[in-house]
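Visitor: I would like to go through this structure step by step. Please show it first, and then I will ask.

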Amino acid sequence: MPEGHTLHRLARDQRKDLRGHKVSVSSPQGRFADSAALLDGHIVERVDAYGKHLFIRFDSGDILHVHLGLIGKFGRQPSPPDDPVGIVRLRIEGPNATWDLRGPTVCRIIDPLEAKRVVAALGPDPLRRGADRDRFVDKVLRSPKPIGALLLDQSVIAGIGNVFRAEVLHVLGVHPATPGDQLDRATVEAIWETLARWLRDGVRRNRIVTNTLADPLHVYHRDVCGNCGAPTVALEIGGRRIDVCPMCQPAPL
DNA sequence: CGATTATGATTAA
DNA sequence: TAATCCTAATCGC
């Protein structure tokens, strides 16, 4: 589930459910029990997403920092909640809704300074107001690394994952092995604008929306290209698998 | 019913 | 590059 849109939508939903409310915090699994006890009974002041990171700030000054990683999930149910099912690291029970967290890569309490450090390490997030597009564009245009790797690098652009990367390069006809410094400025700007639009749609729909609603994925995990019907090819770039259409995305020279 | 897989990222080698 | 962490759903036998 989790690319940037997932976390921004989560922030929005949790803000609505929890902000201004005193919450019960627990760790049914036990692994987060000591920290949960510190947050228990406090009021949620704000919920923010930056890239794939989620920050929930309490009136105690503590900030809960969550990163879902590959398999983490936040689930919602109306309060009062049912007994936890499976392995629930963290449960936040508000008056109207209860949120259960499973399988996160990061779940910890930090202070505002550390939160600032986490955000400072990230590149611009197209979903944040005032995001600096040119910072992204300039970084790509100056890098010899493949664009397929740069898009997964959260210090270059925050919130992009394996699905958006595959689809944006496909729709723009860019081969993922193309070095950033060989791309046109206009192309890199188009990558940003396309991702920004898709991420916003993703928040709105609460799922990945790319090309069209009915047929969002044209290459990602597809045997044939959704555009031209040619068989796709799986490559490994930036340490992750990426599918490419050899017709729509000719290899760089 | 074990193996594999998943929209992630860090650490070690 | 490989190993590692985290959980649940799906796949193959």
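Visitor: Which residue in β4 is the bridge partner of His 53?

Guide: The model is a predicted one. Strand β3 covers residues 53–58 and strand β4 covers residues 63–67. The two strands run antiparallel and are joined by five bridges. In β4, the residue bridged to His 53 is His 67.

Visitor: Which residue in the turn between β3 and β4 has a positive phi?

Guide: β3 and β4 make up a hairpin, and four residues lie between them. In that turn, a positive phi of about 95° belongs to Gly 61.

Visitor: Which residue in β8 does Leu 64 stand opposite?

Guide: β4 also pairs with β8, in the antiparallel sense and over five bridges. In β8, the residue opposite Leu 64 is Ile 109.

Visitor: Which strands stand at the edges of the open sheet?

Guide: The sheet has four strands in the order β2-β3-β4-β8, with antiparallel pairing. An edge strand here has a single partner strand, so one side of it is left without a neighbour in the sheet. The strands in that position are β2 (44–50) and β8 (106–110).

Visitor: Are the residues of β4 buried or exposed?

Guide: On one side of β4 are Ile 63, His 65 and His 67, and on the other are Leu 64 and Val 66. Both faces are covered. Of the five residues in β4, five are buried.

Visitor: At what angle does α3 run to β8?

Guide: Helix α3 is formed by residues 112–120. It lies across β2, β3, β4 and β8. Its angle to β8 is about 135°.

Visitor: Is the crossing of α1 and α7 right-handed or left-handed?

Guide: The axes of α1 (residues 4–18) and α7 (residues 185–205) come within 8 Å and cross at roughly 45°. That angle makes α1 oblique to α7. As α1 passes α7, the crossing is right-handed.

Visitor: How many residues in the contact of α1 with α7 are charged?

Guide: From α1, the contact includes His 8 and Arg 12, and from α7 it includes Leu 199 and Arg 205. The residues of this contact divide into two that are nonpolar, four that are polar and, as charged ones, four.

Visitor: Why does Asn 162 count as buried?

Guide: Asn 162 is found in helix α6, residues 162–171. Beyond its neighbours within four places in sequence, its contacts include Glu 3, Leu 152 and Tyr 220. A residue counts as buried under 20% relative accessible area. Asn 162 therefore counts as buried, with a relative accessibility of 10%.

Methods. Residues numbered from 1 in each chain as written. Chains lettered and ligands numbered in written order. Predicted model: local features only at pLDDT ≥ 70, side-chain atom pairs only at ≥ 80, totals over all residues. Heavy atoms only, no water. Axes fitted to C-alpha atoms, helices over the stretch in contact; angles between N-to-C directions. Parallel < 35°, antiparallel > 145°, perpendicular 65-115°, else oblique. Left-handed = near helix turned anticlockwise from the far one by under 90°. Contact = heavy atoms within 4.5 Å. Nonpolar A, V, L, I, M, F, W, Y, C, P; charged D, E, K, R; others polar. Pairing = 2+ DSSP bridges. Buried < 20%, exposed > 50% of the residue type's maximum accessible area, 1.4 Å probe, protein only.
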